[in-house]
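Trainee: I have a new model open on my screen and would like to learn how to read it. Could we go through it together, one feature at a time?

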Amino acid sequence: MQDLSIPIAAQISMRRLLVGYLISLLVGLLLGIMISRSKYLDETLSPLLLGMQTLPSICWIPLAILWFGLGEESIIFVIVIGAIFSISMAVVSGIKNVPPLFIRAAKTMGAKGWHSYTTVVIPAALPSIISGMKQGWSFAWRALMAGELLTPTSGLGYVLIMGRDLHDMNQVVGIMLVIVIMGLVIDRLIFARAENAILYRWGLSRN
Amino acid sequence: MLEISGVYKTFTQKNGATNALQDVHLSIKKGEFVVLVGPSGCGKSTLLNIIAGLEKPTSGQVCKEGRPILEAGPDRMVMFQEAALFPWLKVIENVEYGMKIKGLGKRERREKAIHFLKMVHLTRFATAYPHELSVGMRQRVALARALSMDSDILLMDEPFAALDSQTKSILHTELQQIWCATKKTIIFVTHNVDEAVLLADRVIVMTANPGRIKKEFRVQLGRPRNIEDIDLARTVGQILGELKEEVEKVAKAELDSDWTLENNSFVPGSNTHLGNGI
Ligand SMILES: Nc1ncnc2c1ncn2[C@@H]1O[C@H](COP(=O)(O)OP(=O)(O)O)[C@@H](O)[C@H]1O
Ligand SMILES: [Mg+2]
């Protein structure tokens with residue numbers, strides 16, 4: 001018998017989300033950096049990523065279940081897939097749009113290779129990267145719910161399904177509210193704040 | 001100290017090739033203040049970038065103290081038309097950026113950064129972010145950053161072009177003082193003849209299509225110079241005369257073929273911003 005209490009379900013969902021999101025952040029960053037460093041990868045992978053992004057992450061669930069079975073891995077996989085394309089594409093476009101003048105200025109001051117990358121290219125691309133991270137997070141959140149609804153083992157999605165099975169309207173609506181509130185709080189409190197702080201510091205905020 | 005010999009630069013694009021520079025020879029002595037003037041598109045920036053090592057000549061070479069320049073380096077600092085400050089760093093961190101790469105210690109970096117910010121009168125804004133400064137202040141920070149690298153050569157590509165005339169004239173005075181104090185070799189690009197004569201030991205007039213050196217003028221007036229000075233105005237007039245042909249050539253190439261420049265529209269001295277538009 002699974003625990004149906006909301007705080008525990010929320011905790012389980014949150015942990016999955018964090019794990020999946022961190023993986024997709026790591027892989028997405030690396031993928032984005034690799035693509036932006038190689039013209040060949042850019043030409044071959046970028047259109048593919050763009051195409052993949054249009055596929056709703058819920059469509060990956062059958063494949064995930066075939067690969068990993070009904071369980072934790074499948075859900076994490078879907079979260080990773082949900083966020084990764086936004087993140088890596090934001091990294092690629094952020095790096096592509098770094099003003100060449102910054103790089104020239106850094107060069108004349110003796111910045112080379114990796115150093116110029118970490119001290120100029122990445123910071124200059126950060127506003128774009130952070131907005132990709134924000135978008136990735138909201139996709140990850142949706143993917144998590146889809147995953148938990150379709151591979152019901154535990155977590156908020158599972159409690160929601162149980163609510164349906166028990167014809168418990170209060171539980172269903174209650175969980176929906178919890179999902180909305182958690183999504184909003186994280187988006188406003190973490191991502192919107194980080195984005196605003198970066199935009200302000202970079203001198204990019206409107207007003 | 002700088003020897004530019006037989007430099008050609010051709011840009012090849014889909015719709016043809018541009019001879020940005022053709023057979024450019026120029027030698028520049030240590031401590032000299034050289035100004036390149038010419039109509040836009042005559043290859044001034046290209047030449048400066050080649051000296052900076054940001055661009056490679058198609059043929060020919062630039063040697064510094066006998067050694068060919070192969071890449072950009074901190075011995076030739078560049079100031080661009082835009083300040084090119086990093087928006088994510090505070091003013092003082094921007095000034096320290098290059099010194100950090102050079103390997104200066106934290107304390108020394110900070111001291112030098114403050115010293116050069118003082119030189120451009122911006123210590124009050126050390127902890128501000130670039131976007132909080134005016135365009136003129138940002139350009140000053142860029143100057144402080146360039147000076148902090150202790151390069152013996154300073155390359156300046158229309159650094160004051162975007163500034164209002166008051167800020168510009170203050171910076172002209174400051175730049176002359178700094179040049180006298182630091183004995184740097186300065187190569188300065190502008191399309192403003194007044195600015196050229198005000199600053200230069202030697203004005204190099206360039207022509208477009210193909211970009212090459214047309215003539216050079218020595219300016220042997222005492223410093224500090226005044227834009228209203230009668231001798232200065234005379235030199236400006238001579239250079240404008242030389243450039244008039246050029247401007248006409250460029251305009252003819254760009255505009256309809258029956259376009260001509262009014263003969264009397266180039267009266268030297270009647271307007272201190274003569275040549276601004278070329
Ligand atoms: N990266 C480039 N690619 C193609 N053409 C260029 C490039 N840079 C400069 N040019 C051309 O070379 C010529 C000289 O340019 P530039 O050196 O910028 O002139 P200036 O600084 O005197 O205005 C111009 O005709 C310009 O269009
Ligand atoms: Mg130019």
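Trainee: How much area do chain B and chain A bury between them, and what percentage of it is on carbon and sulfur atoms?

Mentor: Before the numbers, keep in mind that this is a predicted model. Chain B and chain A together bury about 2000 Å², with 69% of that area on carbon and sulfur atoms.

Trainee: How many residues does each chain bring to the contact?

Mentor: Chain B gives 24 residues and chain A gives 20 residues.

Trainee: How many salt bridges cross the interface of chain B and chain A?

Mentor: The general idea comes first: side chains of opposite charge can pair when their charged atoms come close. In this case, the rule finds 1 salt bridge across the interface of chain B and chain A. The partners are B:Glu71 and A:Lys112, whose closest N and O atoms are 3.9 Å apart. The cut-off for such a pair is 4 Å, so you can check this one yourself with a distance tool. Between the two chains there are also 6 residue pairs in polar contact, counting those with both residues at pLDDT 80 or more.

Trainee: Which elements of chain B each supply at least two residues of the side that touches chain A?

Mentor: Look at strand S6 (76-79) and helix H2 (91-102) of chain B. As for the kinds of residue, the side of chain B that touches chain A has 15 nonpolar, 4 polar and 5 charged.

Trainee: Now for chain B by itself. What domains is chain B divided into?

Mentor: Domain 1 covers 2-75 + 153-254, and domain 2 covers 81-150. The C-alpha centres of domain 1 and domain 2 of chain B are 25 Å apart.

Trainee: How many residues of domain 1 of chain B are in contact with domain 2 of chain B?

Mentor: You can read a domain boundary with the questions we asked about the two chains. Here, 16 residues of domain 1 of chain B are in contact with 13 residues of domain 2 of chain B. The buried area between these domains is about 1200 Å², and carbon and sulfur atoms give 71% of it.

Trainee: Which residues form the salt bridge across that domain interface?

Mentor: The rule finds 1 salt bridge there, and it joins B:Arg140 to B:Glu174, with the closest N and O atoms 3.2 Å apart. Domain 1 and domain 2 of chain B also have 3 residue pairs in polar contact, both residues being at pLDDT 80 or more. On the domain 1 side, strand S7 (153-157) and helix H5 (165-182) of chain B are the elements that give two or more residues. The largest share of that side, 6 residues, comes from H5(B). By type, the domain 1 side divides into 11 nonpolar, 1 polar and 4 charged residues.

Trainee: Why does the radius of gyration of chain B agree with that of a compact globule?

Mentor: The idea is to compare the value with what the chain length would lead you to expect. For 278 residues, a compact globule would have a radius of gyration near 19 Å, and chain B has 19 Å, so the two agree. Along its principal axes, the C-alpha trace of chain B spans about 60 × 40 × 35 Å. Chain B contains 7 helices and 10 strands.

Trainee: How many helices and strands does chain A have?

Mentor: Chain A has 8 helices and 0 strands, and its pattern along the sequence is α-α-α-α-α-α-α-α. The C-alpha atoms of chain A fill a box of roughly 70 × 40 × 25 Å along the principal axes.

Trainee: Last topic: backbone angles. Where is the cis peptide bond with omega near -5°?

Mentor: Most residues other than glycine have a negative phi, and most peptide bonds are trans. The bond from B:Asn209 to B:Pro210 is cis, with omega near -5°. B:Pro210 is in the loop between strand S9 (202-207) and strand S10 (212-218) of chain B. The bond from B:Arg223 to B:Pro224 is also cis, with omega near 0°. In chain A, A:His167 has a positive phi, near 50°, and is found in the loop between helix H7 (156-165) and helix H8 (169-201).

Definitions and conventions: Residues are numbered from 1 along each chain as its sequence is written. Chains are lettered from A and ligands numbered from 1 in the order in which they are written. Side-chain values use heavy atoms; hydrogens and water are left out. Contact means heavy atoms within 4.5 Å. Buried area is the accessible area (1.4 Å probe) that two parts lose on being put together, summed over both. A salt bridge is a side-chain nitrogen of Lys or Arg within 4 Å of a carboxyl oxygen of Asp or Glu. A polar contact is a pair of N or O atoms within 3.5 Å; within protein, one must be able to donate a hydrogen and the other to accept it, and residues adjacent in sequence count only if both atoms are side-chain atoms. Helices (H or I, at least four residues) and strands (E, at least two) are DSSP runs, numbered from the N terminus. Ala, Val, Leu, Ile, Met, Phe, Trp, Tyr, Cys and Pro count as nonpolar, Asp, Glu, Lys and Arg as charged, and the others, Gly among them, as polar. Domain bounds come from an automatic or database domain assignment. The radius of gyration is taken over C-alpha atoms; the globule rule is 2.2 Å times the number of residues to the power 0.38.
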